[in-house]
Structure formats: structure tokens, C-alpha cells
Amino acid sequence: MSVKKIAVLTSGGDAPGMNAAIRAVVRTCAYHNVEVLGVYRGYQGMIEGDFVELNARSVRDTINKGGTFLKSARSKEFRTPEGRKKAYENLKKSGADALIVIGGDGSFTGALLFNEEFNFPVMGIPGTIDNDIYGTSHTLGYDTALNTAVEAIDKIRDTASSHDRMFFIEVMGRDAGFIALNTGIGVGAERILIPEENTTAEELLADIEKGYAKGKTSNIIIVAEGDKSGKNVFQLKEYVESKHPGFDIRVAILGHMQRGGAPSCYDRVLASRMGVKAVETLLEGKSNYMVGVNNDVIDLTPLEKAIKGGSKLDMELVRVAEIMSV
Ligand code: F6P
């Protein structure tokens, strides 16, 4: 069956570049004379039939905007067979005959189930700042989040240096250390705690002490939100203070500022390339793939593999970080 109308939605946490990806899907459809239906609020909008017809002009002025104009949600109802059935009926009624999901692995799991239950063609575009998806070296929003975090921490460094202070800075990433590790190298952090390593507070303290012995006067310590030290940034501060009451220590949590803002050029180009590939793959009659980028080549990974593959952090970066903080 040839695809005549494609529905597109954004799901899970928003990420810079999602708008650029929606735009790419819409414009590629226009190029190939295929209709497009925007679905508001992810799967929840599908369940409620909250749709909007989109054309090439409806996505003007979107490539440069953070967030997602289609809005996003984490739908509990879509996890139930009844919710998915409602969503399918609405989508069928709308005339859409394929679906593109822009989101993370949770969103892809929903897409795969939807395909299995209703034999509805689906494609995934990875959109999350965490970069924690198998089958792509970069997810949409990750590059922007890195740049945002680096810009913020550079500013914090000014105070750290001026006052000879130590800063514990928490960055996002859920259970993955991509943002922490790359940001840490980018800002010249003294120490980076990531979930992929089991650094204890005692080991951290020993490294800090070694640093001072080698003449360091300030410290930037990046802590991934999912790190395994067993202590959050406030507890780490208290622990180090309890051993060295003279240290001047502060805490900063970058939080959701990492998820917002205009996408970087890298994310805009990546979103454009991924949108083209997602639409054209559906038009070739294929389904159940995630579009990814590897060695700067856009390719496809079966959705199932993308969900179950598990993303891998390059541990050589850990060594680079260690050498850089000598
Ligand atoms: O997945 C993106 C992300 O920002 C994670 O880094 C973070 O753990 C989580 O979402 C926060 O979710 P919420 O915005 O629902 O608090």
C-alpha cells in the first residue's frame, strides 16, 4: 500500500531540534506530494484525536525554535491496550496511513507496540538531550544541550576562579553520562561523576586532595544526575566540607535550562537530514526503523534494536578527562 498521509508527533521530554525535525517531515512530504497530520501532545493527542493538518507554510519560523510546537507528553493511557485502540481508531479516521514518532526509547516502545497491534507503519526519529539511544551517535537536542551546559558552566568557572571555590554542578542525562562526560571535558572540569562508573565519595575526596597538593586552587566537579556515588550534589558538598571545613564550596543544578533554547546548527542540520530519511523510508514501503547518524552517515536501525540495544559511552573519554585534569 502506498503512503498518502503521514502523521507526526513529538513524545517524551522535549529537546531542541524537535521543531526542525517536524519541519523536515512536513517539507519532505510536501516535496513528495504527501499529506501531513500533526498530532498534539504525543500519544495523548492521538487518543483524544487532537490533530492539525500541516503544510509547507505551517512550519515557517520553526527551525530556530526550542521545544516543540506540537507539544509533548508522557501518556499513561497509551500504555493500555484500550488507549492504543482509541488512538488507532482516531488515526485511521483522519486518513493517516503511517506515523513518525520523534522522541526517546520510551516513545519508540509505544510505536513498536502500536505497529504490532494494528500493523500500522511507524518510523522513529531520536529526540532527547540524553543521547542514550542505541543506533545513533547523536540524538536531536544533545549537541545543543552540551553547548548550553558549557556556556553556563564557563560562567560559573569565573566565580570559582575568582574566589578559589569548589563547585559541584549537576547536569541532566537520566541514567547516562553523555552530557556529564562531554561537558566536563569541554569546561575543563577537575572531576566528572557518571553513572557508568562507580566512583565513591571517598575516591572523589582523595582526587580533590591530590589536586590541591598539585597546586590547584579551584575545582569544577560535574555530577551526572544518575551518578552512582550514592550522594547527590548537596550531600557531596556536605561530605567534603565535613573533611575540610575550610573549603569554600557551592552547588549548582543546571536543570531544565539544558533542555531549552534555540537548537545548534548541528541539531538543525541533523533534524533536517533525519526528517527526509524518515519520510522517504516510509515512502519506500519500509516500517519499524529508527533513523540515526553514524560517522556522519544517515542510516537505519530496526526500532526493536534501538530500544533494546543500550547506548554505550566511549570510555576512552574517561581517560581523556583524567589526563586533562592532571
Ligand atoms: O530525558 C530528558 C530529561 O531531561 C532527563 O535528562 C531527565 O532525567 C528527565 O528528562 C527529566 O524529566 P522531567 O522533565 O519530566 O522532570
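Which side chain meets that of D248 in a salt bridge? The partner is R250, with 2.9 Å from N to O; a salt bridge requires a side-chain nitrogen of Lys or Arg within 4 Å of a carboxyl oxygen of Asp or Glu. D248 is partly exposed at 28% relative accessibility, and R250 is partly exposed at 32%; buried means under 20% relative accessible area, exposed over 50%, and partly exposed in between, with a 1.4 Å probe and protein chains only.

The model is predicted: local features need pLDDT of at least 70 and side-chain atom pairs count only at pLDDT 80 or more, while totals for chains, interfaces and linings use all residues. Residues are numbered from 1 along each chain as its sequence is written, and side-chain values use heavy atoms, leaving out hydrogens and water.

The domain assignment, which is automatic or from a database, divides the protein chain into domain 1 (5–141 + 263–309) and domain 2 (142–259). Their contact, meaning heavy atoms within 4.5 Å, takes 18 residues from domain 1 and 13 residues from domain 2. The C-alpha centres of the two domains lie 34 Å apart. About 1,200 Å² is buried between them, with carbon and sulfur atoms giving 51%; buried area is the accessible area (1.4 Å probe) that two parts lose on being put together, summed over both. I129, D130 and N131 supply 44% of the area that domain 1 buries against domain 2, more than any other three residues. The interface also holds 2 salt bridges.

Helix α5 covers residues 142–162; helices are DSSP runs of H or I with at least four residues, strands are runs of E with at least two, and both are numbered from the N terminus. From first to last C-alpha, the 21 residues of α5 reach 30 Å, close to the 30 Å expected at 1.5 Å a residue, where the expected span is 1.5 Å times one less than the number of residues. Its buried residues, among them Y142, L146 and I153, pack against β6 (166–171), α6, β8, β9 (249–253) and α9 (265–283).

In total, 20 salt bridges are counted. One of these joins E190 and K216, whose closest N and O atoms are 3.8 Å apart. Because E190 lies in the loop between α6 and β7 and K216 in the loop between α7 and β8, the pair ties together parts that are 26 residues apart in sequence. Both E190 and K216 are buried. K210 and D207 form a salt bridge at 3.6 Å, N to O, and their separation of 3 residues in helix α7 is about one helical turn.
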